[in-house]
Amino acid sequence: MDKIYIEGLALQSLIGVYDWERTAPRPLLVDLCLWADLRQAAQSDKVADTIDYAKVAECLEQVAASSSFELLEALASCMLDRLFAEFPVLKVSLKLSKPDILANASNVAVKLTRTRT
Ligand SMILES: Nc1nc2c(c(=O)[nH]1)N=C([C@H](O)[C@@H](O)CO)CN2
């Protein structure tokens, strides 16, 4: 199956379990793989025949900016729900990273993979 990738998408969201995290939006990173049938776009060379990755990025930015979850898992799940609702994707794998939050780690992340039911 064909795939579209977005890697290192920088977003901001109010997210975290603890009070000290909930005073200001925090930088997050998204790595995304979308499974879709890209044969028509490959043939036509028209953006209207594919999933526009710029529109996908806008969608994720909007979800992140307008939400205030505690857990990365919850925000990632909300993002997947929006992607399935707004784009003809067959399967999505989304890694959501929260860099520089743990003293002795450069990054923490969750990765969710879902197939359209
Ligand atoms: N599995 C998770 N564990 C934790 C999360 C999370 O989102 N998923 N979040 C936190 C805190 O908000 C963290 O960012 C700061 O300690 C802790 N564990």
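1. In this predicted model, strand E3, which covers residues 91–99, is joined to strand E4 by nine bridges, and the two strands run antiparallel. Within this pairing, leucine 96 stands opposite valine 110, a residue of E4.

2. The pair belongs to an open sheet of four strands, whose order is E1-E2-E3-E4 and whose pairing is antiparallel. Because strand E1 (3–13) and strand E4 (107–115) each have a single partner strand, they stand at the edges of the sheet, and one side of each is left without a neighbour there. From one strand to the next, the twist averages 15°.

3. Two helices deserve attention alongside the sheet. Helix H2, made of residues 53–65, lies across E1 and strand E2 (26–35), and its direction runs at about 30° to E1. Helix H3, made of residues 72–86, packs on the sheet, where it touches E1, E3 and E4, and its direction makes about 145° with that of E3.

4. A reader checking the backbone may wish to look at aspartate 45, whose phi is near 65°, a positive value in a residue other than glycine. Aspartate 45 is placed in the loop between helix H1 (39–44) and H2, and it counts as exposed because it has 8 C-beta neighbours inside 10 Å, where the cut-off for an exposed residue is 12 or fewer.

Key. Residues are numbered from 1 along each chain as its sequence is written. This is a predicted model: local features need pLDDT of at least 70, side-chain atom pairs count only at pLDDT 80 or more; totals for chains, interfaces and linings use all residues. Two strands pair if DSSP finds at least two bridges between them. Axes are lines fitted to C-alpha atoms, for helices over the stretch in contact, and angles run from 0 to 180 degrees between N-to-C directions. Two residues are in contact if their C-beta atoms, placed from the backbone, lie within 7 Å. A residue is buried if 20 or more other C-beta atoms lie within 10 Å of its own, exposed if 12 or fewer, and partly exposed in between; C-beta atoms are placed from the backbone.
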